[in-house]
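Keep the sequence and the coordinates in view.

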Amino acid sequence: MGGKDSRTVRDLRRSNRASVLRHLYFEGPLSRQELGPVTGLSSGSISNVVTELLAEGVLEAAGSVGSDGGRPRTLLRVAPRSACLIGVDVGETRVRVELFDLNLDEVARSEQPLDDGRHDAALVVQLVEKGLASVLARVGPPTGPLLGVGVGVPGIVERRSDVGAVVHGQTIGWDAVPLEAMLRESAGLPEGGAQGGGHRVPLHIDNGAKTLGQAEMWFGAGRGARDAVIALIGSGVGACVVTGGEPYGGASRGAGEWGHTVLCVGGRRCRCGARGCLEAYVGARAVIERWREAGGEPGADDEESALAGLLAAAQGEGARARVAAEVLAETAEYLGAGIADLVNLFNPERIVIGGWAGLLLGPQLLPAVREATDAYALRYPAARTAVEMCRLGPDAVTVGAATLPLRRFLDGGGSPPPGVALSV
């Protein structure tokens, strides 16, 4: 005998709203008639949900299309200015804060440099606070309720009932940093709405590679795939593993630390303290160091300029160009070997290379990376895995961070946090 459905009327209503809202968000604009087949809801349920969401300002008309001899059908879409979101990327050299409308179009941005790449937790919180104040000060007129703040960080994020999100970032010296509590206490998050009430703005913290992964799965190269790996390559290396359409976190949400899989036993020293990690060979800092050891002259102090210099040097002539080309060829092989491990372990449909260093190196190295992947991976899964470049660019981590509160909003059927309105 089947179990009794324990859903309440409120649960059913929320589920119906969520279904309509998700289809309009990702596939819209659509008419009421088109919503029926894709959601599986009756015309009456569609009408009730649409009427509610229009009245709340979450949806708006987006023109009309003709029908076969009948009245034109009104197209509906999610109203982009009905709410806003904030995404924060705690990166390797800076803290970026962006305010987005509901379509994830940028409204305002602030970047605060991390001097010498220092990641002192108190300093990071101060820079987030400064960035939040900057983007909120530049908003006008009001953009609707603030749905929440998403933060992408380097390291493993643990959820604790007493202090919220705690970050274990071994490569940046963070050992169980209670980041959520620190941000709540110091970062100037908006509290309450026009009438107050003490409601806290939802704060979501996750690993930066996972936020990148969600952005690429929703809007970029991973869209439409059920099983994929989104790789983030910067100074460090990480990955978001997606299985069955959902990010995989493992027993303690530590899955995806691909950069700390061992490529060479007893090999190069990694930032994490171990030897032979993939990151110690293909991370931007490691690539530049290998170039220097081979006799190259990076010159520039910042990693992005030095990496660009390596690519430029490889296009020249003479001994300097040969050294640079050899370093890039080795990097492509190391990266291909690391990607082969992902192919053999997870058998994904796609592997997407992103991160600022991945985007910089990828266009030149991608053919050699694919060749190395095929050489090191098992033939059957390798032949069924596409290795592609990220499509969202260097802002993908920030966009992905903003999808954390957006996902909660969509899953909740478009109900914003109570009383949380931007007052500017």
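The paragraphs below cover helix pairs, cavities, a pocket and a few backbone details.

This is a predicted model, in which local features need pLDDT of at least 70, side-chain atom pairs count only at pLDDT 80 or more, and totals for chains, interfaces and linings use all residues. Residues are numbered from 1 along each chain as its sequence is written, and side-chain values use heavy atoms, with hydrogens and water left out.

Start with the helices. Two packed helices are described by the angle between their axes and the distance between the axes. Here helices (H or I, at least four residues) and strands (E, at least two) are DSSP runs, numbered from the N terminus. Axes are lines fitted to C-alpha atoms, for helices over the stretch in contact, and angles run from 0 to 180 degrees between N-to-C directions. Angles under 35 degrees count as roughly parallel, over 145 as roughly antiparallel, 65 to 115 as roughly perpendicular and the rest as oblique.

Take H10 and H11. Their axes lie 7 Å apart, at an angle of about 55 degrees. H10 is therefore oblique to H11. Contact means heavy atoms within 4.5 Å. On the H10 side, the contact residues include Leu328, Thr331, Leu335, Ile339 and Val343. H11 answers with residues including Leu361, Leu365, Val369 and Tyr376. The contact of H10 with H11 divides into 13 nonpolar, five polar and one charged residue. In these classes, Ala, Val, Leu, Ile, Met, Phe, Trp, Tyr, Cys and Pro are nonpolar, Asp, Glu, Lys and Arg are charged, and the others, Gly among them, are polar.

H11 also packs on H9 (residues 303–314), with an angle of about 5 degrees and axes 10 Å apart. H9 and H11 are therefore roughly parallel. Glu303, Glu304, Leu307, Ala308, Leu311 and Ala314 of H9 meet Trp356, Ala357, Leu360, Leu361 and Gln364 of H11. Eight of these residues are nonpolar, one is polar and two are charged.

Now move to H6 and H13 (residues 396–411). Their axes come within 7 Å and cross at roughly 70 degrees. H6 and H13 are therefore roughly perpendicular. Among the contact residues are Leu212, Ala215, Trp218 and Phe219 of H6, and Val397, Leu404, Arg407 and Leu410 of H13. By class, the contact of H6 with H13 has eleven nonpolar, five polar and one charged residue.

On a 1 Å grid over the protein atoms alone, a cavity is a set of points where a 1.4 Å probe fits but cannot get out, and a pocket is an open set with protein on both sides within 12 Å along at least five of seven lines; lining residues have an atom within 4 Å of a point. Grid points are joined across faces, edges and corners, and a volume is the space filled by probe spheres set on the points.

How many cavities of 30 Å³ or more does a search of the whole structure find? There are two. The largest cavity holds about 70 Å³. Its lining includes Ile233, Val282, Thr331, Leu335, Leu361 and Val369. H10 (319–346) and H11 (356–376) are the elements that each give two or more residues to this lining. H11 has the largest share, with six residues. The lining of the largest cavity has eight nonpolar, three polar and no charged residues.

The second largest cavity holds about 50 Å³. Asp206, Lys210, Arg253 and Glu257 are among its lining residues. By class, that lining has three nonpolar, three polar and four charged residues.

The second largest pocket has a volume of about 380 Å³. It is lined by 18 residues, and Met217, Trp218, Gly224, Ala225 and Gly245 lie nearest its centre. H6 gives the most to this lining, with four residues. Seven of the pocket's lining residues are nonpolar, six are polar and five are charged.

Finish with the backbone. Most residues other than glycine have a negative phi, and most peptide bonds are trans. Gly28 and Pro29 are joined by a cis peptide bond, with omega about 5 degrees. Pro29 sits in the loop between H1 and S1. Leu104 is not a glycine, yet has a positive phi of about 65 degrees. Leu104 lies in the loop between S5 and S6.
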